[in-house]
Amino acid sequence: MNKRLIWVLLALLISLIGAAPVMATDWQQFHYDETNIGTTASDAPDDNALLWTSDVISAVDGSSTVTADGMVFVYCNGALKALDESSGSEIWSFPIPTSGLGSWASPAYNDGCVFITAGTNIYCRHASDGSEKWTWAIPSGHESCNGGPTVADGKVVVSDWDGHHYYCIDEATGTNLLWTKDVNGYAQGTAAYADGNFYLTSWAYPGGCVYSVDSDGNDNWHTPLPEDTCGSVALSTELGLLYVTTYDFYGLADLHALYMINGTEKWSHDEVISGTDSTPAVAYGNIYLCAGCPGYSDLYTYCFDAWTGDIKWMTSFGDGIGSWTCSVAVADDKVFVGKGFGFMGHNGLYALDATPPGSDAVIEWSSNVGGSSPAVADGIVFTIADGRVYAFGTPTVTPETSFLISGETFDNASLALNNCTVTIENLDTEETWIAETKDAENHYRVIITSDDVSDGNKLRISAKKTLSGGYTTPENYTYCINISTINVTQNDIDMGGLFELDLILDHFCINYYPEYPYFGQTEWNHSGAAVIKMWTEFKGEGPYTQDEIQAMGLANNYADSDPYNMDPHGMAQTLIDLLPNNFIAFAYDNSTEGLERAMHSICWWQYLGPGSLPAYGNPSPQGYYDHWMGVRGIHTDKNPHEGSYSAPYGYNVYGLWVNDPNVLSSGGCIGENSYKTAEEWTETYYLPTYDPRITNWNDKYIAVLEPPEVEADVRIVPAKPRLNRAITPVMLEKILKVDGVERLALVETVEDDDALDVVEAAINAVSDELIPYDPQFAYVFAKTVPGEPKLISGDSGDYYAVPFEVPVKAIKPKLKKAVEIQKVDCGEVKLVREVAGKAAIELVPIKPILVDEERTLVVVLICAEDGSFKETSWVDDPMKYLPISKVEALKLVYKKTKPSKIKPAIELVHRNGSQYYPDWKIMIGKMVYFVSQDGIITSESQTPVPAELLRCVK
């Protein structure tokens, strides 16, 4: 045979193989497909190994799951849910009405959409995410019950139970009613379809009927039956027969085989089976069904010859296998059937041999969980019981291969950095690996397996190098870092990894936390003294009391300065007196260039220790320079003091670590220890001073430190927007209990979906911009779950404060979306840290607390307009955030004025002081009251609440 002929035949063979039909193993509708046949070509498990068990999701007993697109769709009380087929984790949930009739209808899937009847509607949702395609209201206003939707021939058929109708609508739009079929009695079944005809059932107690109508709703035939046809028909298009069971409330019931063409009887078994709503399954030339209700009739599972009706086998009385609400599933020569429990429940699943050698049923395996109308897909049996979904099967084993991640590490001048600490985290699985490195090489590598990554996974690769070698790079304080996020592709997996993934360590940090101590001011005018005390303790000098430091500072002030607060000269000279450094108060012009020079000064001398800076421009009526802050860390893209750069040079400033002694008098609170983006620092805190008495300081940027020896072009890096729209809360009417009395109030509230977006923006912000650069913050943040975001209005712009809290026992977080940076569902969280200069995995203990107030660890501030990161603050021990709650604020107002019949409107506003501690603004009629977080009340008159505000009330 010549080679040309061989290639032609080979091509023909490949084309024939490609053209061969592939048997789908999804279970897409009730009882497998639109024929209600109840059998599938899928493999099925040979033992009772549980692949997974879902959470308690209120899955409805009696209902059957449907499976498609790697998802399992479940009818639950109050929701339609989609679960991941391989793990059982929830993918999405759509709220639907809870049935008032106890319906156990099953969903249906077709062409990328999932359908469900609930209440008086039928819903069509996109299977990928649960979003709405259409919703159709049942014209009679009656609920459907037990019978779910059937999707076939571009149509959807549903029933309305005691409305006595079946309805057919178009699948594409859900708007056109194509036909209505009136039936005698309850329209309870799930329609079956084949060859252009629909087959329906009804029951009238006593008696039932089977109907056939064509695709336009025209009658073909109907056949009355003496008992109640409460279930649905199963079709055998091969034999041209349909099969239907009945329920007898007072004795044994019937099984009928009718010709599909005209409804005449082929055979029947009268008063042979226990009463059932079960739909038979047709497979291997047989009919399989189960029946019986505990306490009312015996439980059995049966097998009959599909053509003759002869009984082949049945289960024993003592086994009690079967249920009137269960429809069996057949696959891989096995019959899967539930065991009834109580009136409508199940407490076990059985796998029976579909074709045993004799007349006795043979149990291949069993389990004491699950049992409701099984479904089989992709080798897995899915079944419902006690509000859960159970999946039986063996995980698919794919041979693992190695996956290598390797590359080299360099500094931002392209010079090799040896022996960096490199960690790789799979953000989708939270698995973390430490790369191999060597002292004498800048190469890194980590070898994992193909099981550790999947197509589409995001890998975060962190490279860190602690710098040493002189006073400019103190050990453990100064380091450079690279953070890269890589999307893994299937090609990467096929090729065996990510190679030559070089990392440029282009972020530079100096951060003294936690070595740099924090002290709150002991008196209102001791802000500068508190900062100097931090300095002296950091340098190992003293200790000095704040009273001593304050006295020295005032004695060193310029003559015309405020007599109560330390001015820049007093700050600098006092530091010189107490510490061996040459501190000077520098003033830079109020201009972009002046701001950049001031920022360069802060960054240049950071290696010596924290900078001392006046905040807010000192506009306080209490006096000048009453709000000093200590800058204890910088985050730039280059070492500002690196001698290898030729002046003038430039670098980016991303943010600063700051200690603020003047937050709350209580001390140890949110706001004192914080990280502020460079943009937030220069727009909100580090402002030109206001001191007209001393001209060389007035309208200048002040810094107390040594001047840089070279100039630099410093760039303030703007924060990245994280919302695609501005999110505005609404005023919702809520009941507040004030002094034991329930009162209606309009409370500014972020709606659920918007709240999730705000929380996600906050998490993404700190995950990208702080966690990789501050392991101490990461350690604290890992232990939290998000709380309710709060909008705070201010003259300089609105922003959200998002608290992150320690989980509380028996109190579930209000936000349901999985937005934690770490999963808080166990007793500990894995965290990668640097210990003694080496990478190590540490287990962070998580102990949920019992109280519901003192639990905040972190607060993140983001811009309300675009979600950009402003700053964050954290504490080591949980605390109560916002000392004055809205109820307590309203209570204080009502103590000042008599309670009014006018509903108060309550919101948070920032007027002065800390961004973290806004005032409550309470509007009652023409009066507005402000309640600060230390309980001080001020009031003023205003115009009535605007109509547009009231229109926001829902």
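Helices (H or I, at least four residues) and strands (E, at least two) are DSSP runs, numbered from the N terminus; I use those labels throughout this notebook.

**Ground rules**

I am working on a predicted model, where local features need pLDDT of at least 70, side-chain atom pairs count only at pLDDT 80 or more, and totals for chains, interfaces and linings use all residues. Residues are numbered from 1 along each chain as its sequence is written, and side-chain values use heavy atoms, with hydrogens and water left out.

**Entry: cis peptide bonds**

I looked at omega to begin with. Most residues other than glycine have a negative phi, and most peptide bonds are trans. The bond from Tyr205 to Pro206 is cis, with omega near 0 degrees. I found Pro206 in the loop between β16 and β17 (208–214). Gly542 and Pro543 are also joined by a cis peptide bond, with omega about 10 degrees. Pro543 sits in the loop between α3 (527–538) and α4 (546–555).

**Entry: the sheet around β16**

I then followed β16 into its sheet. Two strands pair here if DSSP finds at least two bridges between them. Four strands make an open, antiparallel sheet in the order β15-β16-β17-β18. Its edges are β15 (192–194) and β18 (219–225), each of which pairs on one side only. Direction ignored, neighbouring strands of this sheet are turned by 20 degrees against each other on average; the axes are lines fitted to C-alpha atoms, for helices over the stretch in contact, and angles run from 0 to 180 degrees between N-to-C directions. Three bridges hold the antiparallel pair of β15 and β16 (residues 197–203). In that pair I noted Tyr193 opposite Phe198 of β16.

How many residues of β13 are buried? Six of the six residues of this strand (residues 165–170) are buried, so β13 is largely enclosed by the rest of the structure. For the record, buried means under 20% relative accessible area, exposed over 50%, and partly exposed in between (1.4 Å probe, protein chains only).

In a regular strand the side chains alternate between the two faces of the sheet. In β13, His165, Tyr167 and Ile169 point one way, while Tyr166, Cys168 and Asp170 point the other way.

β13 runs antiparallel to β12 (residues 155–159), with five bridges joining the two, and Val156 stands opposite Ile169. With β14 (residues 177–182), β13 again pairs in the antiparallel sense over five bridges; there His165 faces Asp182. The hairpin of β13 and β14 has six residues between the strands, and Gly174 in it takes a positive phi near 65 degrees.

The hairpin of β12 and β13 has five residues between the strands. Trp161 lies in that loop and has a positive phi of about 50 degrees although it is not a glycine. Trp161 is buried, at 16% relative accessibility. Asp153 likewise has a positive phi, near 55 degrees. Asp153 belongs to the loop between β11 (150–152) and β12, and at 43% relative accessibility Asp153 counts as partly exposed.

**Entry: cysteines**

How many disulfides are there? With the cut-off of cysteine sulfur atoms within 2.5 Å, I get zero disulfides. The sulfur of Cys480 is 6.4 Å from the closest cysteine sulfur, in Cys420, so this is too far for a bond. Cys480 is buried at 7% relative accessible area, and Cys603 is buried at 2%.

**Entry: cavities**

On a 1 Å grid over the protein atoms alone, a cavity is a set of points where a 1.4 Å probe fits but cannot get out, and lining residues have an atom within 4 Å of a point. Grid points are joined across faces, edges and corners, and a volume is the space filled by probe spheres set on the points.

I count two cavities of 30 Å³ or more. Of its 22 lining residues, the closest to the centre are Phe30, Trp104, Asn146, Asp277 and Thr279. That lining divides into five nonpolar, 16 polar and one charged. (Ala, Val, Leu, Ile, Met, Phe, Trp, Tyr, Cys and Pro count as nonpolar, Asp, Glu, Lys and Arg as charged, and the others, Gly among them, as polar.)

The second largest cavity has about 60 Å³. Twelve residues line it, with Trp535, Trp605, Gly609, Pro610 and Leu705 the closest to its centre. Its lining divides into eight nonpolar, three polar and one charged.

Technical notes. On a 1 Å grid over the protein atoms alone, a cavity is a set of points where a 1.4 Å probe fits but cannot get out, and a pocket is an open set with protein on both sides within 12 Å along at least five of seven lines; lining residues have an atom within 4 Å of a point.
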